[in-house]
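Look at the sequence and the structure, then read the points below.

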Amino acid sequence: MKIYLNGKLVPEAEAKVSVFDHGLLYGDGVFEGIRVYNGRVFMLWAHIERLYRSAQAIALKIPLSKPALTAAVIRTCRANNIRDGYVRLVVTRGVGTLGLNPFTCRKPGVIVIAAKIQLYPPKLYAQGLRVVTAGTLRNHTEAISPNIKSLNYLNNILAKIEAINAGVEEVIMLNPQGFVAEASGDNIFIIRGNELLTPPISCGTLEGITRNVVMELARQNGLDVREAVLTRYDLYNADEMFLTGTAAEIISVIEMDARAIGRGKPGAKTMELGARFHAFAEENGTLIK
Ligand code: PXG
C-alpha cells in the first residue's frame with residue numbers, strides 16, 4: 001500500500017509520524033473518512049470543504065489549497081488501484097514541543113490513506129442494529145464543537161465502549177440538554193408516518209455528508225423531510241429508525257434500550273432509501289481516472 005505523506009507517496013512501512021506530533025500528543029488535528037464507489041470518490045468536494053471548516057475552527061492552516069488536496073486524494077487512490085474503498089484524510093498539527101501551545105508546531109502533517117473497503121457484515125444490514133442510550137453525553141457545543149471532526153474522538157469512543165459492554169452494536173448519544181444528538185459515528189433518523197426526522201446541527205450533531213444526501217434523496221422519494229429536536233420519547237415511538245454515515249451508509253435500528261422500534265425489524269421505507277442511496281453512490285462522484 002502507498003500512503004500519501006506530506007506531498008509524497010511512500011510505502012506503508014515508511015509512512016510514520018513523529019512522537020512529537022501534536023496530533024498524537026494531544027489529538028490536535030482533523031480528519032475525514034471518504035468512500036470510493038465504482039471508481040469514483042463520493043462527495044469528495046463536500047468532505048474537503050468540511051475538513052477545511054474543521055481546520056479553521058481549530059486555527060489550523062492546511063498547507064495545501066483545496067484543489068491540491070483534492071488532487072492528492074485522487075492520486076493516492078490511483079496509486080493503490082482503488083475502485084471500491086475507503087479514504088482517510090488526516091491533517092495533524094505537526095511536530096512541536098511538549099506543551100499545549102499549537103503554534104510551536106511549524107508544519108502541519110498531511111496524510112492520505114486509501115484502502116480497500118471494510119464493510120459492516122451484510123447480516124447487520126439485513127437484521128438491523130440494536131442500540132442503547134449512552135450515559136456519555138455528546139460534547140457541549142461550546143466545549144469541543146461536535147461539528148469539528150477532530151483527531152480527539154474520546155467523547156465518541158467512551159460512548160462506543162458503552163455499546164460494546166452492553167452487548168449491542170451502537171449507542172445513541174444525547175446532548176447536555178437531553179435531546180438526541182447522534183450515534184457514536186453516525187447520524188440518526190426516524191420515520192414517523194410519511195415524515196423523515198433528524199436532529200438539527202444545533203443539537204450537537206455532526207453535519208454528516210451521508211445525512212445530507214439521504215435527506216435530498218428522501219425528498220425526491222416523496223417523504224416529508226424535516227430537522228426536529230428529538231427526545232427518546234420520539235425514538236421509542238418511531239415507525240422506523242436508521243443511522244447514516246460514510247462507513248455504515250444507511251443501516252436500520254430495530255431495538256433501542258431493549259425496546260423494539262416499529263415492528264422490530266428493518267422497515268420498508270429504510271430499505272427503499274438504502275437502495276436509492278446505493279444507486280446514487282454508484283453513479284456520482286469524482287472519477288479517479
Ligand atoms: N457523526 C459522527 C460523530 C461522525 O464521526 C458521522 C456522524 C457521519 O458523517 P458522514 O459525513 O460520514 O456521513 C460521522 C462520521 C470510520 C469513521 O472511518 C467514520 C466516522 C467517524 C469516525 C470514523 O468508520 N463518521
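**Cavities and cysteines**

Three cavities of 30 Å³ or more are present in the structure. On a 1 Å grid over the protein atoms alone, a cavity is a set of points where a 1.4 Å probe fits but cannot get out, and lining residues have an atom within 4 Å of a point. The model is predicted: local features need pLDDT of at least 70, side-chain atom pairs count only at pLDDT 80 or more, and totals for chains, interfaces and linings use all residues. Residues are numbered from 1 along each chain as its sequence is written, and side-chain values use heavy atoms, with hydrogens and water left out.

**Largest cavity**
- The largest cavity has a volume of about 70 Å³, a volume being the space filled by probe spheres set on the points, which are joined across faces, edges and corners.
- Residues lining the largest cavity include R138, N139, Y153 and L206.

**Second largest cavity**
- The second largest cavity holds about 50 Å³ of space.
- Among the residues that line the second largest cavity are R35, Y37, I209, T210 and F277.
- Domain 1 (2-115) and domain 2 (122-283) each give at least three residues to this lining; the domain bounds come from an automatic or database domain assignment.

**Cysteines**
- The structure has zero disulfides, a disulfide being a pair of cysteine sulfur atoms within 2.5 Å.
- C77 counts as buried because its relative accessibility is 0%; buried means under 20% relative accessible area, exposed over 50%, and partly exposed in between (1.4 Å probe, protein chains only).
- C203 is also buried, at 5% relative accessibility.

Terms used. On a 1 Å grid over the protein atoms alone, a cavity is a set of points where a 1.4 Å probe fits but cannot get out, and a pocket is an open set with protein on both sides within 12 Å along at least five of seven lines; lining residues have an atom within 4 Å of a point.
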